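My entries follow in the order in which I made them.

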Amino acid sequence: MKHLLSTHDLSRTDIESLLNVADHMAEINQRPVPKVPALRGKTVASVFFEDSTRTRLSFETAAKRLSADVMTFSASSSSVNKGESIRDTIETLSAMGVDAFIVRHRSSGVPLAVTSWTSASVINAGDGWHQHPTQALLDAYTITRERKAGNDLHGVRVAIVGDVKHSRVARSTTHVLTSLGATVTLVAPSTLLPNDVTAQAATATTNFDEVIEHCDVLYMLRMQKERMDHALVPDIAEYCDRFALTPARAQRLAPGALLMHPGPMNRGVEMQVDPNDVAQSRILTQVTNGIAVRMAVLFSLLGSGSASNLSKGNE
Amino acid sequence: MTTRSTSTANKDPKKHTKSQRTVITGGTVVSQGKESVADVAIADGVIVEVGSGLQGDIALDAKGCYVSSGFVDLHTHLREPGREEAETIETGSRAAALGGYTAVVAMPNTDPAQDSVAVVEFVRRTGQRAGLCDVFPSGCITIGRLGEQLAPFAQLAKSGVHLFTDDGNGVQDPLLMRRALEYARDLNIVLAQHCEVSRLTEGAVMHEGACCSHMGVPGWPALAEELMVYRDIELVRLTGAPMHFLHLTTAGSVELVRQAKRDGLPVTAEVTPHHLSLIDENLLGFDPLFKVNPPLRTKDDIAALVEGVRDGTIDAVATDHAPHADHTKQMPLEQAPPGMLGLQTALAVTNTVIGLSPTQVVELFSVNPARIAGIADQHGRPIAVGEPAHIAVWDLSSTSEVSRNDMVSKSRNTPYHGMTVKGRIRHTVFGGEIVVHEGKAQK
């Protein structure tokens with residue numbers, strides 16, 4: 001595997017093997033000194049044309065725990081504002097010697113375009129409404145490891161609630177979870193559902209209350225306030241009335257269900273309950289697992305040898 | 001006029017002058033629905049003889065080829081004035097000549113827009129200076145193509161403009177469109193609409209369907225085109241003024257125009273080679289070369305467009321030749337400008353995907369567009385004595401591979417690079433002058 005651009009580039013075997021490598025990385029993260037020399041001498045450039053804090057920090061932490069050197073580029077403080085094209089940016093950084101680019105952009109397809117301008121590996125850290133493959137992998141890792149029943153998700157019912165139409169997380173996570181056998185139901189007003197749900201191998205409903213008791217995973221999406229301006233929902237109160245996780249709805253979650261959210265949360269909007277008060281919440285577990293999964297991706301693209309040797313070798 | 005020069009230098013088509021007698025030999029003349037093997041002799045810019053065994057100063061070999069009136073493109077973006085880094089009137093005219101065109105209608109979305117006599121005169125004269133084909137500037141429907149105030153139709157018509165459009169934008173305001181048609185009615189001009197209800201296409205990148213859903217980009221629904229086609233057909237019914245529909249793309253639009261023609265309304269329609277040959281799935285690799293407005297649709301839409309061509313609902317193939325500099329086409333799909341080159345590949349691509357008869361070629365590429373453009377007195381004429389010598393020599397059978405490096409436009413944004421196509425333009429004669437010889441531009 002040279003790049004990680006889309007979950008659609010991953011077979012089920014690829015997904016499972018990344019999850020298994022992540023187990024070794026999680027073990028490394030448990031150590032008093034959570035660092036191994038696996039990517040010593042490799043340079044990883046995180047190139048974020050769109051603001052992000054958590055994904056960037058997660059990737060950079062993952063790279064540092066593998067001893068890679070990290071180069072950081074952010075659009076707000078860079079030549080992008082002086083009119084430099086993405087191509088020139090990538091070619092310039094590439095000329096400095098980069099082994100992998102971690103790319104985020106507000107437009108779908110940019111990480112794919114980047115692959116034609118550099119010989120380095122490219123990891124998609126989120127492009128437009130399109131894909132966010134490491135988020136999908138960390139979600140799958142979280143669900144499978146919390147369920148402790150291997151990588152298979154047959155019979156697992158997942159409800160993804162919120163602005164599915166504009167969500168790269170929903171697109172990627174739905175695909176990875178269904179690849180592992182889960183059943184995904186998208187829950188949103190029709191205006192916030194993709195125009196072809198079947199293209200995402202999922203079913204859809206506009207009735208949150210109908211699914212909440214019957215899901216094994218409740219996955220809440222961030223509701224962006226600017227959606228109100230485009231006649232997608234009448235107003236925020238009506239949206240919350242139908243689709244927010246209220247304390248009453250949280251009560252109806254099955255005891256063994258998992259509550260997840262890709263962050264950042266909109267408290268008082270889609271999250272009207274404090275997740276710290278919900279025993280089923282795994283929202284911070286997702287964040288912790290994100291490091292291990294991104295280490296697994298970086299190691300799989302740039303490393304050599306097997307991950308199991310890596311974790312044994314340093315004990 | 002039958003004197004033969006013995007000078008070998010003069011036999012070189014590159015060295016010919018207008019007053020010499022040129023004979024197109026051995027081709028099959030396609031004219032007025034008939035095909036016949038005949039030589040065509042040209043002198044002083046007009047056809048002087050059609051027959052067999054004709055002699056002249058210069059022989060233009062047309063064996064195995066068809067000889068017809070030159071092509072007319074209803075929809076060319078020449079970019080000058082304003083965007084000369086993408087195309088100039090001269091480079092676009094050269095591409096046109098290589099595509100067999102002897103006349104193009106220049107779209108008005110220049111900078112400044114073609115909404116005044118000064119700008120259209122500039123475009124026309126620059127075209128004359130290039131001397132590769134006739135450049136007929138279109139005029140704007142509204143000042144600056146802003147959809148607010150009508151352009152001076154009568155003044156522009158007096159300076160020779162026949163086709164008016166805000167192409168690139170549809171005229172959104174139904175009241176303004178009604179007034180435009182009423183005002184145009186007795187001026188002997190035609191309004192041409194780019195059908196797109198812009199509120200339904202904000203931010204849109206490609207056809208709204210399964211592909212755009214999968215790719216996570218904003219979609220351009222078929223409805224946005226069909227609503228305006230419907231509105232404007234009803235405005236034509238109300239006002240009686242003629243209207244031409246630019247670059248139709250959907251099955252629904254074809255059906256609306258078919259019914260309007262059955263009702264006897266004065267409407268015409270065009271389709272582009274790319275909407276007949278490419279679909280939304282071509283965008284799965286996020287390549288902005290396939291981004292175009294209106295967008296590439298589906299196989300079902302192509303089938304409906306082909307049927308529309310077959311039954312005469314669609315009158316003309318028009319290129320929507322839209323050059324864009326490389327660096328702009330390397331932007332992300334959502335930011336890259338829409339449009340693709342078309343002039344040099346139009347005949348071959350259309351023939352490759354739908355298969356054309358020689359007479360169909362002449363109707364779709366020459367006679368009908370000349371009539372719609374209001375230039376039927378000069379272009380799309382029969383191959384007959386006394387007619388202007390605007391002639392294309394082409395075939396529908398030779399195969400070749402399209403290369404972006406063969407594009408003579410200032411830009412290289414063809415979506416067909418590497419595609420094997422059937423059909424070619426061999427020679428183009430414009431006003432008696434050989435502007436393309438054996439597929440090479442002569443000036």
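I started with the pair β19(B) and β20(B), which run antiparallel and are joined by three bridges. I took one residue pair from it: B:Thr428 has B:Val436 in β20(B) as its bridge partner. I note here that this is a predicted model.

I then traced the sheet around that pair. It is an open sheet of seven strands of chain B, ordered β3-β2-β7-β18-β19-β20-β21, and its pairing is mixed. At the edges I found β3 (34–37) and β21 (440–441) of chain B; each has a single partner strand, so one side of each has no neighbour in the sheet.

Next I looked for helices on this sheet. Helix α12 (residues 346–354) of chain B lies across β18 and β19 of chain B, and its direction is at about 145° to β19(B). Helix α13 (residues 358–372) of chain B also packs on the sheet, where it touches β2 (28–31), β3 and β7 (66–69) of chain B. I noted an angle of about 30° between the directions of α13 and β7(B).

I moved on to another sheet of chain B. This one is open, has five strands in the order β11-β12-β15-β16-β17, and is paired in parallel. Its edge strands are β11 (163–165) and β17 (316–317) of chain B, each pairing on one side only.

Which strands does helix α7 (residues 222–239) of chain B lie across? I found β12, β15 (243–245) and β16 (267–271) of chain B, with the helix running at about 165° to β15(B).

I followed α7(B) to its packing with α8(B). Their axes are 9 Å apart and the packing angle is about 10°. The cut-off for roughly parallel is an angle under 35 degrees, and α7(B) and α8(B) therefore count as roughly parallel to each other. I recorded their crossing as right-handed. On the α7(B) side the contact is made by B:Ala222, B:Glu225, B:Glu226, B:Val229, B:Tyr230 and B:Ile233. On the α8(B) side it is made by B:Gly252, B:Ser253, B:Leu256, B:Val257 and B:Ala260. By class I listed seven nonpolar, two polar and two charged residues for this contact.

I then took the packing of helix α8 (residues 251–262) of chain B with helix α10 (residues 299–311) of chain B. Their axes come within 8 Å and cross at roughly 25°. α8(B) and α10(B) are therefore roughly parallel to each other. Their crossing is left-handed, whereas that of α7(B) and α8(B) is right-handed. From α8(B) the contact uses B:Ala251, B:Val254 and B:Arg258. From α10(B) it uses B:Asp300, B:Asp301, B:Ala304, B:Leu305 and B:Gly308. I listed four nonpolar, one polar and three charged residues here.

Next I turned to domains. For chain B the domain assignment gives domain 1 (8–67 + 385–441) and domain 2 (71–372). I read 27 Å between the C-alpha centres of these two domains of chain B. Their contact takes 29 residues from domain 1 and 37 residues from domain 2 of chain B. On the domain 1 side, β18 (391–401), β19 (420–430) and β20 (433–437) of chain B each supply at least two residues. β19(B) gives the largest share of that side, seven residues. By class the domain 1 side has 16 nonpolar, eight polar and five charged residues.

For chain A the assignment gives domain 1 (7–131 + 289–313) and domain 2 (133–286). The centres of these domains of chain A, taken over C-alpha atoms, are separated by 25 Å. I noted 22 residues of domain 1 and 23 residues of domain 2 of chain A in the contact. The largest share of the domain 1 side in chain A, six residues, is from α1(A).

My last entry is on the chain contact. Here 17 residues of chain B are in contact with 18 residues of chain A. Helix α6 (residues 210–215) of chain B gives the largest share of the chain B side, four residues. That side has six nonpolar, nine polar and two charged residues.

Notes. Residues are numbered from 1 along each chain as its sequence is written. Chains are lettered from A and ligands numbered from 1 in the order in which they are written. This is a predicted model: local features need pLDDT of at least 70, side-chain atom pairs count only at pLDDT 80 or more; totals for chains, interfaces and linings use all residues. Axes are lines fitted to C-alpha atoms, for helices over the stretch in contact, and angles run from 0 to 180 degrees between N-to-C directions. Angles under 35 degrees count as roughly parallel, over 145 as roughly antiparallel, 65 to 115 as roughly perpendicular and the rest as oblique. A crossing is left-handed if the near helix is turned anticlockwise from the far one by less than a right angle, and right-handed if clockwise. Two residues are in contact if their C-beta atoms, placed from the backbone, lie within 7 Å. Ala, Val, Leu, Ile, Met, Phe, Trp, Tyr, Cys and Pro count as nonpolar, Asp, Glu, Lys and Arg as charged, and the others, Gly among them, as polar. Domain bounds come from an automatic or database domain assignment. Two strands pair if DSSP finds at least two bridges between them.
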